Amino acid sequence: MYISDVKNMFPALKRQVYGKRLVYLDNAATSQKPESVLALYDELSRKSNGNIHRAMHLLSNEATTAYEAARDRVASFINAPAREEVIFTSGATAAINLVASSFGRAFLKSGDKVMVTEAEHHSNIVPWQLACKYAGAELAVLPVSERGEIDLGIYEEMLDEGVKIVAAAHISNVLGVVNPVKEMVRMAHERSIPVLIDGAQGIVHSKVDVRDLDCDFYVFSGHKIYAPTGTGILYGKRKYLDIMPPYMGGGDMVGTVSFRGTTYAELPLKFEAGTPNFTAQACLLPALDFADMLRSDEELGAMISSVEKEIVEYVSEGLEQMEGVTLFGRGAEDRSNKIPLFSISVDGVHPSDIAQIMDKMGIALRSGMMCAEPLLTALGVTSVLRASFLPYNDMEDARTFMTGLQKALDMLKN
Ligand code: PMP
């Protein structure tokens, strides 16, 4: 199998836009879905649309089976110790809000600190600001270096006894640099501080093993790893999930309900109030099967990782040589911690203008703040242009991007 065969499994990637071949490079925002995911979504919607966990009838049983099979698949994909520690949410944002709110209520008090990095997505800042506000706690912000890296020396200095939890991205959606999360967890645990990893970008670009990372919480969105939108995962260690109060009430999250008081369901349902997006969640199974296939097929896996490295080299080098272009998040000198995600600014040119022109060339990019305003402020810009690649992107896509960018800049600068 070649990368072109992988690409062929995605109907959206066969599209022409404005009469041009679509080069989809907005994968950090959402990935495209392969046939297997679309087919299951279609089949379940047509045939097995019964609300889960409740009814005796066949449609409900089929839907419940598919939903719970996806939970097992997530557990095996991230090597979770138990399926009960895998909670379905509507996305990474919802998962972080759940933890910030429930962990906050159980563990945060006045004077405590929550540590986040400077490079977090708003979804890993604002929920913690809310939790801190209610508890009278405060945020401690870990800076990132000029190359987009975390300095573990500074991290260690900041890990004092006031810190009650660390919340950090596995990979920033602006910098595209893999953070040393395993080491960060180890150092926090030496001081009995739990760690939440925002894996919205990490889940699709690295092999995630929550037992090996030993993180206390790992969150991600399904739609960035080939599954439908409205799907997400909170993995949490039972020792925390058992103590944390429910985040939302209603539906399946109860044991018994009376006006005198209510008991709660066991994990994982304790945190799954209301009718979930069960058809979409069920599609995490083929989505993660697909992601696994890309890695476990030895030949294909090797090809994908070598193409990824080639893209990182080619695009980083090309951008660094372009006049007036600044690449943020260059990572280590040998680029070993850089993924194919590139955010740039260009002197005198607005990123949205470049994105608009390149859209007409068939190249889908993202421009703006990337939901990371504090990071952009620290970088001294108000907007960036981002190109983000997945394993279905090849060198031809990378070359089309670089040629298109040069053309767009020539048009805008002259
Ligand atoms: N964290 C990071 C690092 C992200 O890239 C994103 C999405 N761009 C999120 C959190 C939020 O994900 P979602 O909108 O799917 O909840």
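# Briefing: cavities, pocket, ligand site and selected residues

Thr117, Ala119, Val144, Gly148, Ile150, Ser172, Leu175, Val177 and Asn179 form the lining of the largest cavity. The model is predicted. It contains two cavities of 30 Å³ or more, and its largest pocket holds about 510 Å³ of space. A ligand is also present, with Ala28, His121 and Lys224 among the residues around it.

**Cavities**

- Five nonpolar and four polar residues make up the lining of the largest cavity, and no charged residue takes part.
- By class, the lining of the second largest cavity comprises four nonpolar, two polar and two charged residues.

**Largest pocket**

- The lining of the largest pocket consists of 24 residues.
- Nearest the centre of this pocket are His205, Ser206, Ile304, Ser305 and Glu308.
- Three helices each contribute at least two lining residues: helix 8 (202-205), helix 12 (284-296) and helix 13 (298-321).
- Helix 13 gives the largest share of the pocket lining, with seven residues.
- The pocket lining divides into 11 nonpolar, six polar and seven charged residues.

**Ligand surroundings**

- The residues around the ligand are Ala28, Ala92, Thr93, His121, Ser123, Asn173, Asp198, Ala200, Gln201, Ser221, His223 and Lys224.
- Asp198 places a polar side-chain atom 2.5 Å from a nitrogen atom of the ligand.
- Gln201 has a side-chain N or O atom 2.7 Å from an oxygen atom of the ligand.
- For Ala92 the atom concerned is a backbone N or O, which lies 3.5 Å from an oxygen atom of the ligand.

- Ser48 sits in the loop that runs between helix 2 (35-47) and helix 3 (58-78).
- Ser48 counts as buried because its relative accessibility is 8%, under the 20% limit.
- Leaving out residues up to four places away in sequence, Ser48 touches Glu43, Leu59, Glu62 and Ala63.
- The C-alpha atoms of Ser48 and Leu59 are 4.7 Å apart, although the two residues are separated by 11 residues in sequence.
- With Glu62, Ser48 makes a polar contact from side chain to side chain, at 2.7 Å.

- Asp26 is found in the loop between strand 3 (23-24) and helix 2.
- The relative accessible area of Asp26 is 13%, so this residue is buried.
- Asp26 touches Ala364, Leu365, Arg366, Arg386 and Ser388, again leaving out residues up to four places away in sequence.

**Backbone features in loops**

- The peptide bond that joins Leu267 to Pro268 is cis, with omega near 0°.
- Pro268 belongs to the loop between strand 12 (261-264) and helix 11 (278-282).
- Asp214 is not a glycine, yet its phi is positive, at about 65°.
- Asp214 lies in the loop between helix 9 (210-213) and strand 9 (217-221).
- With a relative accessibility of 33%, Asp214 is partly exposed.
- Tyr226, another residue other than glycine, has a positive phi near 75°.
- The loop that holds Tyr226 runs between strand 9 and strand 10 (232-236).
- Tyr226 is buried, as its relative accessibility is 1%.

Terms used: Residues are numbered from 1 along each chain as its sequence is written. This is a predicted model: local features need pLDDT of at least 70, side-chain atom pairs count only at pLDDT 80 or more; totals for chains, interfaces and linings use all residues. Side-chain values use heavy atoms; hydrogens and water are left out. On a 1 Å grid over the protein atoms alone, a cavity is a set of points where a 1.4 Å probe fits but cannot get out, and a pocket is an open set with protein on both sides within 12 Å along at least five of seven lines; lining residues have an atom within 4 Å of a point. Grid points are joined across faces, edges and corners, and a volume is the space filled by probe spheres set on the points. Ala, Val, Leu, Ile, Met, Phe, Trp, Tyr, Cys and Pro count as nonpolar, Asp, Glu, Lys and Arg as charged, and the others, Gly among them, as polar. Helices (H or I, at least four residues) and strands (E, at least two) are DSSP runs, numbered from the N terminus. Buried means under 20% relative accessible area, exposed over 50%, partly exposed in between (1.4 Å probe, protein chains only). Contact means heavy atoms within 4.5 Å. A polar contact is a pair of N or O atoms within 3.5 Å; within protein, one must be able to donate a hydrogen and the other to accept it, and residues adjacent in sequence count only if both atoms are side-chain atoms. A residue is near a molecule or strand if one of its heavy atoms lies within 4 Å of it.
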